[in-house]
Amino acid sequence: MPLRPLLLAGLLATSSAFAPAPSNHALGRTSPSLSMVAVDTSDIKNGLTIELDGEPYKVLSFSIMKQARGAAKTTIKFKNLKRGNTLENTYRSGEKFETAQIDKKKSQYTYEDENGNYFFMDSETFEEVMVESASIEDQKKWISEGMECDLIYFKGNVIEVAVPSPYVYQIVETEPNVKGNTAQGYTKPATLDCGATINVPGFIEQGTMIKVDSDKGEYIQVAKD
């Protein structure tokens, strides 16, 4: 083989070896997602979302019943994130499930329409996303104006809104602190700027900014400046 073609072939091979690999940007933007993973009863925990009969179910609670003979049984209470209904099933130890393949997208709450639907703006694309009232029923009392939440998608549809927790809210209404009331553990109801009502220590005044565990609906502490 002539020398010149050999040299040309060598140069082409060398240049291709150092060519940059295509970046994620060139392949298109992808959203953070959780792929389907096989789990069994020993992996079950509150908040886990699994797929049953093609629909997403979130674990609300579970209990393990040990038996004198035979394998233990696990009773799981689920919530269907599409329909809103709950169900409770009992499984033998070691039975397998598949986690639901879901996507999470940061989105900012903008407003609620007259039908109770909530509207968010995707934090990356700035597109408006409507979330039906039924999909946000458990969380709506914790959502305040301008809050950034995680929209949870399953097969392209929003099935849940994850509210940040802990989060700082302002108390807009509560009874005044009674001077001389030093009873340990004394609490009183307080309404937050998001609309939710929780119990707070008796010394807390209206207008105070407090940190709240919105998952449990509990007061944590007075927010620091």
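Predicted model: local features only at pLDDT ≥ 70, side-chain atom pairs only at ≥ 80, totals over all residues.
View 1. Residues are numbered from 1 along each chain as its sequence is written, and side-chain values use heavy atoms, with hydrogens and water left out. The side chains of Asp138 and Lys79 meet in a salt bridge, 2.3 Å from N to O. A salt bridge here is a side-chain nitrogen of Lys or Arg within 4 Å of a carboxyl oxygen of Asp or Glu. Asp138 lies in the loop between strand E10 (128-131) and strand E11 (148-154), and Lys79 in strand E5, so the contact ties together parts 59 residues apart in sequence. Strands are DSSP runs (E, at least two residues), numbered from the N terminus. Asp138 is partly exposed, at 46% relative accessible area. Lys79 is buried, at 17%. Buried means under 20% relative accessible area, exposed over 50%, and partly exposed in between (1.4 Å probe, protein chains only).

**View 2. Salt bridge between Lys58 and Glu160.** The structure holds five salt bridges. In one of them, the closest N and O atoms of Lys58 and Glu160 are 2.6 Å apart. Lys58 belongs to strand E4 and Glu160 to strand E12 (residues 157-162), 102 residues apart. Lys58 is partly exposed, with a relative accessible area of 21%. Glu160 counts as buried at 10%.

**View 3. Salt bridge between Asp150 and Lys106.** The closest N and O atoms are 3.3 Å apart. Asp150 sits in strand E11 and Lys106 in strand E8 (residues 102-112), so the bridge ties together parts 44 residues apart in sequence. Asp150 is buried at 17% relative accessibility. Lys106 is partly exposed at 45%.

**View 4. Aromatic cluster of Tyr57, Phe78, Tyr91 and Phe97.** Ring pairs link these four residues. A search of the whole structure finds eight aromatic pairs. Among them, Tyr57 and Phe78 are edge-to-face, at 6.1 Å centre to centre with 75° between the planes. Rings of Phe, Tyr and Trp (its six-membered ring) pair if their centres lie within 6.5 Å; planes under 30 degrees apart count as stacked, over 60 as edge-to-face and the rest as tilted. Tyr57 lies in strand E4 (residues 55-65) and Phe78 in strand E5 (residues 73-80), so this pair ties together parts 21 residues apart in sequence. Phe78 also pairs edge-to-face with Tyr91, at 6.4 Å and 80°. Tyr91 is in strand E6 (residues 86-92), 13 residues from Phe78. Phe78 is buried, with a relative accessible area of 0%. Tyr57 is buried, and Tyr91 counts as buried at 11%.

**View 5. Lys105 over the ring of Tyr153.** The charged end of Lys105 sits 5.1 Å from the ring centre of Tyr153. A charge sits over a ring if NZ of Lys or CZ of Arg is within 6 Å of the ring centre and within 35 degrees of the ring normal.

**View 6. Open sheet of six strands.** The order is E2-E7-E3-E4-E5-E6, with antiparallel pairing. Two strands pair if DSSP finds at least two bridges between them. Strand E2 (38-40) and E6 are the edge strands, each pairing on one side only. Eight bridges join the antiparallel strands E4 and E5. Ser61 has Lys77 of E5 as its bridge partner.

How values were computed: Helix = DSSP H or I, 4+ residues; strand = E, 2+ residues; numbered from the N terminus.
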